[in-house]
Amino acid sequence: QVQLIESGGGLVQAGGSLRLSCAASGHTFRRYAMGWFRQGPGTEREFVAGIIWSSDITDYADSVKGRFTISRDNVKNTVYLQINNPKLEDTAVYLCAAGGIEYSSRIYHTPSEYGYWGQGTQVTVSS
């Protein structure tokens, strides 16, 4: 079992920066791929960024490439999402997820591929 708790959300100005954290409990965290998703009002949950268990492979949605960076610390059982130069359209609830096959080298892009989810943290970008 993996339990996930996000933090670091809040109000940020466009062009600023913010770092989200996702703390995991459970000794199996380091075996799984991790992902960040976001969901705005009335929208589908969309993939933002993903990272495999060893951090060797990452992937990003086109809309955030060059602005967001995903990373993980398997000693601290934490995954991060650094948000630089946020735009108004980045406003959403951001959720972290863990899942996939243990020790896989795949990035998982769809919510159904993840078995564990956090509650989410709100990010609001202001002009």
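How many aromatic pairs does a search of the whole structure find? The search finds seven, where rings of Phe, Tyr and Trp (its six-membered ring) pair if their centres lie within 6.5 Å, with planes under 30 degrees apart counted as stacked, over 60 as edge-to-face and the rest as tilted.

The model is predicted, and local features need pLDDT of at least 70, side-chain atom pairs count only at pLDDT 80 or more, and totals for chains, interfaces and linings use all residues. Residues are numbered from 1 along each chain as its sequence is written, and side-chain values use heavy atoms, with hydrogens and water left out.

**Aromatic cluster**

Ring pairs join Phe37, Phe47, Tyr108, Tyr114 and Trp117 into a cluster.

| Pair | Centre to centre | Angle between planes | Class |
|---|---|---|---|
| Phenylalanine 37 and phenylalanine 47 | 5.8 Å | 80° | edge-to-face |
| Phenylalanine 37 and tyrosine 114 | 5.3 Å | 80° | edge-to-face |

Phenylalanine 37 lies in strand S4 and tyrosine 114 in strand S10 (residues 114-117), so this pair ties together parts that are 77 residues apart in sequence. Strands (E, at least two residues), like helices (H or I, at least four), are DSSP runs numbered from the N terminus. Phenylalanine 37 counts as buried because its relative accessibility is 0%; tyrosine 114, at 5%, is also classed as buried. Phenylalanine 47 is buried as well. Buried here means under 20% relative accessible area, exposed over 50%, and partly exposed in between (1.4 Å probe, protein chains only).

Beyond its neighbours within four places in sequence, phenylalanine 37 is in contact (heavy atoms within 4.5 Å) with residues including Arg45, Phe47, Val93, Leu95, His109, Tyr114 and Trp117. By contrast, the C-alpha atoms of phenylalanine 37 and isoleucine 52, 15 residues apart along the chain, are separated by 15 Å.

**Charges over rings**

The charged end of arginine 45 sits over the ring of tryptophan 117, at 4.7 Å from the ring centre. Arginine 72 places its charged end over the ring of phenylalanine 29, 4.6 Å from the centre. The criterion is that NZ of Lys or CZ of Arg is within 6 Å of the ring centre and within 35 degrees of the ring normal.

**The four-stranded sheet**

An open sheet is formed by four strands in the order S1-S3-S8-S7, with antiparallel pairing. S1 and strand S7 (68-73) stand at the edges with a single partner strand each, so one side of each is left without a neighbour in the sheet. From one strand to the next, the twist averages 15°; axes are lines fitted to C-alpha atoms, for helices over the stretch in contact, and angles run from 0 to 180 degrees between N-to-C directions.

Strand S1 (residues 3-7) pairs with strand S3 (residues 17-25) over five bridges in the antiparallel sense, two strands being paired if DSSP finds at least two bridges between them. Within this pairing, leucine 4 has alanine 24 in S3 as its bridge partner, and glutamate 6 stands opposite cysteine 22 in S3. S3 is also joined to strand S8 (residues 78-84), by seven antiparallel bridges. Leucine 18 stands opposite isoleucine 83 in S8.
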